[in-house]
Amino acid sequence: MNKTLPLVDDIRIPQMGFGTYALKDAKQATLHALQTGYRHLDTADYYRNHVEVGQAMQASGLRREEIFLVTKLYGNTLAPDKVGPVVDRFLKELDTDYIDLLLIHWLSGIPAEDSLAAMETSRAAGKVRALGVSNFEVEDMQAALATGLPVCNNQIEYNLEEHPEDVAEFCLANGVTVTAYSPVKVSGGAQTRKLVAGLAEKYESTAEQVTLAWLMAKGFIVIPRSNNPKHIESNFRSLELTLSKEDVAALDASE
Ligand SMILES: NC(=O)c1ccc[n+]([C@@H]2O[C@H](COP(=O)([O-])OP(=O)(O)OC[C@H]3O[C@@H](n4cnc5c(N)ncnc54)[C@H](OP(=O)(O)O)[C@@H]3O)[C@@H](O)[C@H]2O)c1
């Protein structure tokens, strides 16, 4: 079972993705995720694992179009004259013809408008299918959307402890999808952990599954990361868990 959300034009993104930051064996864990059913991989130049992620895609035997691949530009590679050559390097490292979603990883002095314009050139050339950003605040999003370019995703930290409602609401209200990163790493304060433990018992699931199901019920894309095959599998099964409206609201209200 896999759920997708509309991203931009006729492109859809799987709501459950696999995070690949700092994995012990990125090829093995990513391959296990693909074998489990994940069809969305989240990597970044900063993670230094493009080659292993590309190898896992090849080893999976899946067709390229069955996988939704996200990667990110950071630092000096966001300079307008660098973006094109860097995208070509990404394609080689990832052993693919295109990236599904290319993000600005975080702002670092180069105006987002300039980087996005260069990223749009890669999109027009068919090397990238969709453009997005990460760690953008409301005013950064306003500037990005003012370019008129099809910015369709903001990847932000959102979990039981960190929940920036202003950015999330702004994005969703403006047709920008939100990817919640570090979705399970932070499990909230004592009261929240008690609430989640109770819900895990009620739904015969794990705390992580409850957390992921809560984020997906709110319309977010989630990208949990794990080295552990059992965790990779159980996180994926959160797609089967539907929390009641009351339980979603209780988690929303928890501190
Ligand atoms: N855009 C950005 O700036 C940004 C920043 C941070 C992260 N990200 C992306 O978001 C992804 C996820 O974020 P994250 O890696 O920070 O945190 P996360 O996925 O929320 O949490 C990962 C940690 O939780 C543990 N874990 C995962 N599933 C579990 C389960 N079912 N039971 C118990 N423990 C579990 C993992 O340990 P085990 O390995 O032992 O399972 C690992 O220590 C990253 O990999 C990356 O792709 C993006």
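Predicted model: local features only at pLDDT ≥ 70, side-chain atom pairs only at ≥ 80, totals over all residues.
The side chain of Arg-89 meets that of Glu-93 in a salt bridge, with an N to O distance of 2.9 Å. Glu-93 is likewise a partly exposed residue, at 24% relative accessibility. Helix H3, which spans residues 80-94, contains both Glu-93 and Arg-89. The two positions are 4 residues apart, or about one turn of the helix.

In total, 12 salt bridges are present in the structure. Another of these pairs Glu-120 with Arg-123, where the closest N and O atoms are 2.8 Å apart. Both residues belong to helix H4 (residues 112-124). Because Glu-120 and Arg-123 are 3 residues apart in this helix, about one helical turn separates them. Glu-120 has a relative accessible area of 19% and is therefore buried, the limit for that class being under 20%. Arg-123, in contrast, is partly exposed, with a relative accessible area of 24%.

A further salt bridge is formed by Lys-202 and Asp-247, with 2.6 Å between the closest N and O atoms. This pair links distant parts of the chain, since Lys-202 lies in helix H7 and Asp-247 in helix H10, 45 residues apart. Lys-202 is exposed, with a relative accessible area of 52%, whereas Asp-247 is buried, with a value of 10%. Salt bridges that share partners also occur, and they join Asp-45, Arg-48, Arg-89 and Glu-93 into one network. The bridge between Glu-93 and Arg-89 was described above for helix H3.

Helices H7 and H10 also feature in the surroundings of helix H8. Helix H8 comprises residues 207-217 and is mostly covered, with 8 of its 11 residues buried. The buried positions are Gln-209, Val-210, Thr-211, Leu-212, Ala-213, Trp-214, Leu-215 and Met-216. These buried residues pack against two strands, S9 (177-181) and S10 (221-222). They also pack against three helices, namely H7 (190-202), H9 (229-236) and H10 (245-253). After H8 comes Gly-219, which has a positive phi, near 90 degrees.

Notes. Residues numbered from 1 in each chain as written. Heavy atoms only, no water. Buried < 20%, exposed > 50% of the residue type's maximum accessible area, 1.4 Å probe, protein only. Contact = heavy atoms within 4.5 Å. Salt bridge = Lys/Arg side-chain N within 4 Å of Asp/Glu carboxyl O.
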